[in-house]
Amino acid sequence: MKFHLHHHHHLRLHNFKTIIRHFATKYSGRVIQETLNGKTFSVTIKTQNIQRDIRGYPIPRHDLICKITKILQSSSPAISPSSKLIIDPFLQVSDYLQTLNLTLTPSEASEILKSLKTSQKALEFFKFCSDEIPGFKHDCFTYNRILTILSKSNSLEIVKSVVDEMEKCGIKGNISTVNILIGIFDGVLELEKCVGLVKKWGLLFNCYTYKCLLQAYLRCNEVSKAFHVYIEMRRKGYVLDIFAYNMLLDALAKDDKAEQASKVFADMKRKHCEPDGYTYTIMIRMNGKIGKAEECLSLFQDMITKGCSPNLIAYNTMIQALARNHMVDKMVFLFSKMVEKGCQPNEFTYSVILDGLAAEGQLTRLDEVVEMSKKYMHKGIYSYLVKTLSKSGHASEAHRLFCNMWNFNDGGDRDAYMSMLESLCHSGKTAEALDLLNKIHEKGIMTDTVMYNMVFSALGKLKQISQIHDLYEHMKINGPSPNIFTYNILLAGYGRAGGVDDAVKLFEEMESGDCRPDIITYNSLINCLGKNGDLDEAHMKFKEMQEKGLNPDVVTYSNLIECFGKKNRVEMALTLFHEMRAETCYPNIVTYNILLDCLEKCGKRSEALELYAKLKQQGLTPDTITYAVLDRLQSKSHKTVRIRRQSPISGWVFSPIG
């Protein structure tokens, strides 16, 4: 006699929300005892047998795994469309197992964990199995499964808690557990704990464990510990794969452990693990760094003989090794072979060659290098070379290459052109700078005020007044508009060349225009007037400056003090000095040196010594110019002091002559 017992759907409160069980609880069995009136009876419940393989392990029931996985992969929690009640997937799984009077085996739980899409869902199911399924107990395989899943989610603290729970439950892991944990942990202490688990669980390292531990130490930059692991595994007869060998070699080379790296490289070849291109590149870089150029050449040749085609990184590494070891001819030859083989150079290739040629004074060979690689030359490479040469002070080579770039490309690289213009100006090649400024628009690059200011500054330093006039007129007609920096640069140039009339005219033009003079403008004009003998006009501009609300700075006062001092008007120089201090404009060492020199030349020895005492009181440090003046005061040897002004903005540089 068979029958079925049914319980109707019932409700359960869960997190203050109503939960509905989706399945009826259904049991199948047979009656074994019944009373006479039929009101009570006993039954035997029929359970499903679990099949086992030949080793006695339960065979996973795939229909059960699929069903539970499908339930868990539904929304969590879900809302029943018919009843609008919340359905808990884990409660559904519990009901499903109770309905069929089933339990789960660890292998089935492991398969379900593997099928779940998120680590959070997997962790919830992992805890559900041990907490809610009667008689279920995790083994090391289910722990391995959840640890593997958690390893992809960067949940280090959760991993540690799972391991703690595993140990608390007295479950011993296997070597795979240790391997998984080594792959997760990245701190030395955690790795030492993994090694401790091997001893605690009575396990033995295998080749993969050694490899995992070695790579983990390398991730922590613990190169010495990684090498110790390597020695231990080599003693056990284990070998690494090519990836691990390269990882170890690279770390040893970067840590300047050349002897150990050479030992590993020799072991690698002896253990029948053929080096690849990356291996040779590591060894070439290391040997080049320590000056073993011949060893680099031998390694490079060996790489080619073994059939490893050098890539861009390998060529660059070899070229750099040759450059470092002053082997310019071999460097250029290798570059030619690189191009012949169709390996396109990049900016790094050219930068290494540039450094190598410059170090040996053979930058003229750059034309040879460019000609070799002409098919690979493009605007970006030309621009890079021009900028690099310009910044390193090789103006002639930069300009020669720039001319090639000009003829090579229709469009221009603004940064390269700016670098070239700056280099020409800095090296005093004003004719070439003017030519470039006039033609730059042909390459689609608009000239701006910065470019003009750069050229004006170079022309002013060389006192090329006529060129300044012509360029300024061209600028006013064709643009761009001059700014305050333009006017200040022009005034400084006129002052340097003694062009007082030009300076005054330019100043008046500023006053009538939109660009109003500032402190630097007045400083430049005052310096120009005073330096060329018109002290009264310079002093008037000084007063005018104050009337317009522009407070004179240390440069303004120092300019005037110097000008009056040169004309032996010492009293006026001293008056300006005292006025300066009264206006809380503190003199610097340059101001003191100017006035000391003035007093010494006029024979006012006591005033000079008194001024020196004030200098010390102010906390200023005397420089070589100060001591030169003091020596003259003591020896009464009136050597002259030449005062060179770098710019009316930044101050002066002095040097004694005599």
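Tutor: Contact here means heavy atoms within 4.5 Å. Helices (H or I, at least four residues) and strands (E, at least two) are DSSP runs numbered from the N terminus. The model is predicted, so local features need pLDDT of at least 70 and side-chain atom pairs count only at pLDDT 80 or more, while totals for chains, interfaces and linings use all residues. Residues are numbered from 1 along each chain as its sequence is written, and side-chain values use heavy atoms, with hydrogens and water left out.

Student: Which residues in H19 meet H21?

Tutor: On the H19 side they are Ser383, Val386, Lys387, Ser390 and Lys391, and they meet Asp415, Ala416, Ser419, Met420 and Ser423 in H21. By class, that contact has three nonpolar, four polar and three charged residues. Ala, Val, Leu, Ile, Met, Phe, Trp, Tyr, Cys and Pro count as nonpolar, Asp, Glu, Lys and Arg as charged, and the others, Gly among them, as polar.

Student: At what angle do H19 and H21 pack?

Tutor: About 25°, with the axes 9 Å apart; H19 covers residues 379–391 and H21 residues 414–426. Axes are lines fitted to C-alpha atoms, for helices over the stretch in contact, and angles run from 0 to 180 degrees between N-to-C directions. H19 and H21 are therefore roughly parallel to each other. Angles under 35 degrees count as roughly parallel, over 145 as roughly antiparallel, 65 to 115 as roughly perpendicular and the rest as oblique.

Student: OK, now H10 and H11. What is the angle there?

Tutor: Helix H10 (residues 223–235) packs on helix H11 (residues 242–254) at about 140°, and their axes are 10 Å apart. That angle makes H10 and H11 oblique to each other.

Student: And which residues of H10 and H11 meet?

Tutor: Val223, Ala226, Phe227 and Tyr230 in H10 meet Tyr245, Leu248, Ala251 and Leu252 in H11. This contact of H10 with H11 has eight nonpolar, no polar and no charged residues.

Student: Different topic. How many helices and strands does the chain have?

Tutor: The protein chain has 33 helices and nine strands.

Student: What pLDDT does the chain average?

Tutor: It averages 85, and 86% of the residues score at least 70; pLDDT is the predictor's confidence in each residue, from 0 to 100. Residues 1–27 are below 50, and residues 637–658 stay under 50. Where pLDDT is low, the predicted coordinates should not be read in detail.
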